[in-house]
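I opened this entry to record what I looked up, going from the overall make-up to single side chains. The notes follow the order in which I checked things.

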Amino acid sequence: MVRITSLSRRTEPTRPADDPPPTGGTTATATGTADTAEADTTRADTTRADTTRADTATADRRAGVTDPATRPTPPGPRPEPPTREGGDPRPAPPPAPAGPRPRASLLATVSLITGVTGALFVLSGPLAPYGIAIGVIALATGLGGISATARRHIAGRTEALMGSVLALGTMIVGSLALTGALSWLTTETDMVQQVRQWLDSQFAGIF
């Protein structure tokens, strides 16, 4: 029995072997290459982020940081000083004006001088009563000097204290000398003459 080819089916022409591939295949290949490159980039970013987290965790363990919230903030760049429109740095503010120089208290100076004078008068013997009076003046001026040096720009507190101490010692020793409580110092004892005789005996061959 002989088969007769159907006349209704059209025979498609055979494509030569050296024809270029259809355009749709080229587009699909380029798209696949782009997807592969993007996937590689994503994997590289993920690997870099994992490495950074691992380094941070290692640094925290070395520094003893257990809570990430307490991790010290790295020092940032030092802020630059503000500049004017011309670009020049802002000039430094002028220094504060210095106050007046401290001056010595007159009462403190007087207290020291009168305290020394009163002590010398009392130690002389016969001038002990006058030394007590001078000691009273030294004590009064010393207290006034201490009060004056409490204000600003007033110096001389040390002189006032020394004058007050000398005044108190002068008054106490002078009072004991007047009552005869001291055997080596009375109003009839000439301490100046005794000191002169002692110095003459020590330096007899010189003077």
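I started from helix 4 and asked what its buried residues pack against, and I found helix 2 (106–124) and helix 3 (128–148); I take contact as heavy atoms within 4.5 Å. Before going further I noted that this is a predicted model, in which local features need pLDDT of at least 70, side-chain atom pairs count only at pLDDT 80 or more, and totals for chains, interfaces and linings use all residues. Residues are numbered from 1 along each chain as its sequence is written, and side-chain values use heavy atoms, with hydrogens and water left out.

**Overall make-up.** I listed five helices and two strands in the protein, where helices (H or I, at least four residues) and strands (E, at least two) are DSSP runs numbered from the N terminus. Read from the N terminus on, the elements run α-β-α-α-β-α-α. Of the 207 residues, 18% count as buried, a label I use for under 20% relative accessible area, with exposed meaning over 50% and partly exposed in between (1.4 Å probe, protein chains only). Among contacts between residues at least 6 apart in sequence, I noted that 64% join residues at least 24 apart. The protein exposes about 16,700 Å², of which carbon and sulfur atoms supply 62%; accessible areas come from the Shrake-Rupley method with a 1.4 Å probe, and for residues only the protein chains shown count as cover.

**Helix 4.** I checked the length of helix 4 (residues 157–179): at 1.5 Å a residue its 23 residues should span 33 Å, and the end C-alpha atoms are 34 Å apart, which agrees. The expected span is 1.5 Å times one less than the number of residues. The buried residues in helix 4 are Ala 160, Gly 163, Ser 164, Ala 167, Thr 170, Gly 174 and Ala 177. Just after helix 4, Gly 180 takes a positive phi of about 80 degrees.

Which backbone oxygens does the side chain of Thr 114 reach? I found that of Val 110 at 2.7 Å and that of Ser 111 at 3.1 Å. Thr 114 lies in helix 2 and is buried, with a relative accessible area of 16%; leaving aside residues up to four places away in sequence, Thr 114 touches Ile 134, Ile 137, Ala 138 and Thr 141. I then turned to Ser 124, also placed in helix 2 and counted as buried at 9% relative accessibility. The side chain of Ser 124 reaches the backbone oxygen of Phe 121 at 2.5 Å, while Ser 124 touches Thr 189, Asp 190, Met 191 and Val 192, not counting residues up to four places away in sequence.

How many salt bridges does a search of the whole structure find? I noted one, taking the term as a side-chain nitrogen of Lys or Arg within 4 Å of a carboxyl oxygen of Asp or Glu. Arg 196 forms a salt bridge with Asp 200, the closest N and O atoms being 3.3 Å apart, and both residues lie in helix 5 (residues 191–202), four residues apart, about one turn of the helix. Arg 196 counts as exposed at 52% relative accessibility, whereas Asp 200 is partly exposed at 39%. Leu 199 is also found in helix 5 and counts as partly exposed at 35%.

Key
A polar contact is a pair of N or O atoms within 3.5 Å; within protein, one must be able to donate a hydrogen and the other to accept it, and residues adjacent in sequence count only if both atoms are side-chain atoms.
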